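Dear colleague,

I am handing over the structure we spoke of, and I would be glad if you could look through it alongside the notes below.

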Amino acid sequence: MMRTGMIAAVVFVLAHFAMLIGVTTPEKFYFDEVHYVPAARQMLEPVMPQPMLNPMHPPLGKQFIALSIHSFGDGPLGWRYPGVLFGSLAIVAVYLCGLALFASQGPAIAASLLAFFNQMLFVQSRIAMLDIFALTFSLFAIAAFIHGFRRERPHLWFALAGIGVGLSIGCKWSGLFVLAVCIVIVTMVRLMQSWRTQFADARPEDWYRPDLWPDFRWWHFAICFVVIPAAVYLATFIPLYGFSFPDILQAQRRIFSDNTTTAIAGHTYMSSWPSWPFLVRPVWYLFDKIGDDRIAAVVFLGNPLILWPALIAVAICLRDWIVTRRVDAFLVLAFYFGPYLAWALLPRTLGFIYYYLPAATTASFALVYALNRGGMPRWLLWVYVAAGFVGFAAMLPISAAFIGTSMATFSRLMIFQNWI
């Protein structure tokens, strides 16, 4: 436990330092900061002005931005520091997930490095948007759930997962996707147990076992995955509305209406969910001319050296789950496909590749799983991590605005016509 805590602290400090460098560039709002920073400013007023800004999302993420503005001032550092903090915590959460999945420090550290180098998490941690907050809480929830999944008494760990998803939903409703995955997994296991299902050649590493969680009752399930998430989520509205149930209920109706309305108008950078894993259409967060042949650019794209091979790794996980029923392959698949394919069920037609961020982050587990299978040389995983770093470093001119780049370099990095 001491060793895990020390490694987690080192991971946090290194990630925090790397993400903080140059975060105040640009010194103006860029991309969706124009929505969330004014909403956070509004929360600092003695009396909440009307109309409320950005009512389509829950308040917790905006409250973090407001607290940072109060602490560090109403400037770029105040706007973006919460993203840096939570991005660093997200890398720690990936490490804890890897430890719960692989029960080994090396693969867990490799997973955290791949998540950092995939470019998506790095870019999203340096902008005042809500996605990084929801992602971080979801990752801690996933770590708790995976840890509890393998235990005879998962009660405490499942309750911690419930707290995590409640906080995630309090930042953005996309946190519901991880909660849904947890509910589906537990329900499926319990249904199979009620049908007295068992494998003829049962193994300890099977994803399903008839003796799983013998003392976990239906009311434990309701408390962990319904009562706790709902209570935590609703508590995030109390600073805004007090204990006024009608006002809190009206806020939920507004969020539901705004997030389920089919969008008709197009957007320059919109893309559909089937295209996200293939990095077909990036989002240009920032593109500013800063000199005769110098530009400041932030492109949310993803590291092709990590996210394209991840699709092969996911296929390997799928093969192993079907053929050998491995529990680690099953959990990797669940938390990759769940937060991703949920977007296919929503009526919204307006989508962006940054919605793929949670699945892209958990894809690092699939890569570690595929490179850490029996018979694979240990050094291969670290060679691949090094290759991921090379791709990340090559993309830094379009990932961090403070670096700046030339139009020639920008054009070289925009390999495909549809990236422009």
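Predicted model: local features only at pLDDT ≥ 70, side-chain atom pairs only at ≥ 80, totals over all residues.

I begin with helix α7, which runs over residues 131-149. At 1.5 Å a residue its 19 residues should span 27 Å, and since the C-alpha atoms at its ends are 26 Å apart, the helix agrees with that expectation. Most of α7 is covered, in that 17 of its 19 residues are buried.

Turning to the aromatic side chains, a search of the whole structure gives 53 aromatic pairs. One of them joins W207 and Y208, whose ring centres are 6.1 Å apart and whose planes meet at 55°, so the pair is classed as tilted. W207 counts as buried because its relative accessibility, 8%, is under the 20% cut-off, and Y208, with a relative accessible area of 1%, is buried as well.

Y285 and Y354 form an aromatic pair that is edge-to-face, with 6.3 Å from centre to centre and 65° between the planes. This pair links distant parts of the chain, since Y285 belongs to strand β1 (residues 283-289) whereas Y354 sits in the loop between α14 (327-341) and α15 (357-371), 69 residues apart. Y285 is buried at a relative accessible area of 4%, and Y354 is buried at 5%.

Finally, there is a charged side chain to look at beside a ring: R325 lies over the face of F199, at 4.2 Å from the ring centre.

With best regards

Notes:
Residues numbered from 1 in each chain as written. Heavy atoms only, no water. Helix = DSSP H or I, 4+ residues; strand = E, 2+ residues; numbered from the N terminus. Expected span 1.5 Å × (residues − 1). Buried < 20%, exposed > 50% of the residue type's maximum accessible area, 1.4 Å probe, protein only. Phe/Tyr/Trp six-rings, centres within 6.5 Å; stacked < 30°, edge-to-face > 60°. Lys NZ or Arg CZ within 6 Å of the ring centre and 35° of its normal.
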